[in-house]
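The structure is shown first, and the description follows.

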Amino acid sequence: MLLAHAVTLTEARSYLAALADHARTVEASSAYERALLELDWIHGDDVPALDTYGLTDDRDILMAVATSAIEQLAAYDVDALQIELLLAALDDARALDEP
Amino acid sequence: MYGENGGLIRAELSALLRQHRIQQRIGGDGIYTVPATTSAEERQWIGEQIRRYRQGVLVWCHQATVAAAPATASNLSRTPVNPFRAADTRHGALTALGRAVEQAVDASTATLATLDELAMPHDLPLVEHWRHAARAAALGEHDFDAGLGYGRLDAQQSQTLIADIAAVVQALVVLDQRYSNIPGWEKLHRPERLGWSALACALDARLDPPDYAIDMRGWRPPTKVVKGPGKPGLHGVLQAEHNLVIRMRSFPSAMNLRLVVDSQRLLSGQLASLVSKVEPALHDAWTVREGTYVDLQHELRNVGGRIGTGGLAASEGANAVSRLRAIRSDDGLDPRLLHGFTTLFTALDDRIADVLEEGIKRNCYFVRVQLLPVENPSGDLVAPSRERYLPLGEVEHTSIVRLARDRLRPIPTRDQAPAQAARSRAELHAAIVHQPDRRPAWPTLSM
C-alpha cells in the first residue's frame, strides 16, 4: 500500500468514524459503523489506524469529505463497484440520520 | 446434574430402606397366608441381579471419594511451620472410606450391570428401585469430570459431597445386612469397616454447614443450535440470540467480532426501548449494556486480526436485529421471555470478554498503528521499518482490557440450592433408621 493510499484510507476511516460518533440515532450510528466495516473488508482488514481527534462535528462537512475520500480511493486500484456500493451504504446511513 | 442424579440415588435407596421382609418381596415364603411364588434358584438369580445394580452404586461412591479427595482437608491438619512445605491435607476419614469402598468393589464377584439391564424394566418393584439407583449412578459418573472433581469445589461443597457419599454407603451397609437371607447372597467386604468409616466421614462433614449449591453443578446436556425457520415474534429474536451464543464458541476474527458487537449494541437499545414501560428494571440494565457495547465498538475500530471464524455468529446477530425490527411495539410481551434475554446476554457478554482476553493472550488481535509523518523522526541515517500492527498485549491498551473485565464480565453469583436439596438428604437419613410399623398393642384386661 502506497503512503498516499494509506493517507486517503485513514482519512476515509476517520471521517466515517466521526460520522458514527455524531449521528443522531442509534440506527444511523450503526449504519455508519457498518460502512466503516465494509471499507475495512474491501481492504482485507489491512488498514491503518483512524484518528477522530480534532475533526469537525458538522455532519454535512464530514459527509462531504468522507464521500470525497472514498471516491479518491478509485485512484489506488480499489474496485470501482466496491466503491459505489460503499457510497450507497453511506447514503443509506445518511438517510437514517436525517432529522 | 449432580442434584438430579444424587437425588435419584437417595430417593431409590430411601424407598428400598423402607422395605422390610425382603424374602416376601422377591416372591419367597413369608407368613403362612402368602405362598411362595418364586423358587430358590429364581431368588438367587434376583439376588445376583441386585448385586450387579449395587455394584454400580458402589463404583459411584468410589469415584465420588476420588473426586472429593483433592479438595478436602481434615480439620486436624495444621499449617506447616515451613511455608515452603505443603500442608498435610489428607482427610483421614475420607481416605479410610475410599479405601474401604475400593476394597468392597474389588472383592465383589458381581459385575457391573449391562446397558440392557439398566434400560429394561423389571417386574419386581424392589429390583426396579435398584435398577433406577444403578441408572442414576451410571449417569452420575459424568458429574465428577464436569464440575465436581479436581479441586473445583469449595470446602463446604466438598464436605456436602462427603456427607452424601457417607449416607449412601451407610444405606448400602444396612441393605446388605437386610438382604443376607437371599439365597446365594454375597455380603459386602468388611461391612463393619465400611459403616464406621462412613460414620466418621458423616460426623466430620457435619462440622461445617452444608452447601447444597453443589446440586447445581455437574454434567448438563450440551445446548444445540435451534434450527429451522425463524419463529414468529420475540421467540425468533430469542432463537437467533441463543444460536449466536452457541456460534460464539468458535473464536471470531476481529471483523466478525465487530459485527457481533454492532448487533448487540442495536439489540440492547431496541429491546430497552421496547420494554421501557413493561419492565423498567430491564430497560435500565439493557441501556447500560448498550453503552458498554458502544464503547467496545469504538475500541475495536483500531483492532484487527484475521485469525478466527465467526461468520455464522455475525449472521445470527444480524438475524436477531432484523427480527426485532419486525416486531410491533404493541405486541404482547411475555415477561418470562424477556428474562430469557438476560440469561443469554450474560452468557454472551462473558464469552466476548473471554474472546478479548484470549485474543490478547494468543496475539490473535492486533492494534493498528497510526501513520507517521514521512520525515524520519528518529534522526538516524537509515529509517527503521515502520510497524503497521502491534500486539494488543505489548501496547498499553488497558481501556479494552478494563472494559472486558469490569463491564462485560458479569458479577459472579453463587448458585442457589434447589428447594428440595435438604429434604432429599433428610429423607435418606430417616430411612436409614426406618423401622417397620409395629402392630398395635393388644388390649389388656385392665382396659
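For the classes used below, Ala, Val, Leu, Ile, Met, Phe, Trp, Tyr, Cys and Pro count as nonpolar, Asp, Glu, Lys and Arg count as charged, and the others, Gly among them, count as polar. The model is a predicted one.

**The largest pocket**

By these classes, the lining of the largest pocket has 14 nonpolar, eight polar and 11 charged residues, and the volume of this pocket is about 1,200 Å³. Of its 33 lining residues, the closest to the centre are T343(B), T346(B), A347(B), D350(B) and P410(B). Two or more lining residues come from each of helix 9 (234-247), helix 11 (280-300), helix 13 (335-361) and helix 14 (398-408) of chain B, and helix 13 of chain B gives the most, with nine residues.

**The contact between the chains**

Chain A brings 27 residues to the contact and chain B brings 25 residues. The area buried between chain A and chain B is about 2,200 Å², and carbon and sulfur atoms give 50% of that area. On the side of chain A, the residues that lose the most area to chain B are L37(A), D45(A) and A49(A), which together account for 27% of what that side buries.

Between chain A and chain B there are five salt bridges, and 12 residue pairs are in polar contact, with both residues at pLDDT 80 or more. Helix 1 (3-21) and helix 2 (26-42) of chain A each supply at least two residues of the side of chain A that touches chain B, and the largest share of that side, 10 residues, comes from helix 2 of chain A. Divided by class, the residues of the side of chain A that touches chain B are 14 nonpolar, four polar and nine charged.

**The largest cavity**

How many cavities of 30 Å³ or more does a search of the whole structure find? The search finds one, and about 40 Å³ of space lies in the largest cavity.

**Salt bridges**

Side chains of opposite charge can pair when their charged atoms come close.

| Side chains | N to O distance |
|---|---|
| R368(B) and D45(A) | 3.0 Å |
| D97(A) and R59(A) | 2.7 Å |

D97(A) lies in helix 4 (residues 80-97) of chain A and R59(A) lies in helix 3 (residues 59-72) of chain A, so this pair ties together parts that are 38 residues apart in sequence.

Conventions: Residues are numbered from 1 along each chain as its sequence is written. Chains are lettered from A and ligands numbered from 1 in the order in which they are written. This is a predicted model: local features need pLDDT of at least 70, side-chain atom pairs count only at pLDDT 80 or more; totals for chains, interfaces and linings use all residues. Side-chain values use heavy atoms; hydrogens and water are left out. Contact means heavy atoms within 4.5 Å. Buried area is the accessible area (1.4 Å probe) that two parts lose on being put together, summed over both. A salt bridge is a side-chain nitrogen of Lys or Arg within 4 Å of a carboxyl oxygen of Asp or Glu. A polar contact is a pair of N or O atoms within 3.5 Å; within protein, one must be able to donate a hydrogen and the other to accept it, and residues adjacent in sequence count only if both atoms are side-chain atoms. Helices (H or I, at least four residues) and strands (E, at least two) are DSSP runs, numbered from the N terminus. On a 1 Å grid over the protein atoms alone, a cavity is a set of points where a 1.4 Å probe fits but cannot get out, and a pocket is an open set with protein on both sides within 12 Å along at least five of seven lines; lining residues have an atom within 4 Å of a point. Grid points are joined across faces, edges and corners, and a volume is the space filled by probe spheres set on the points.
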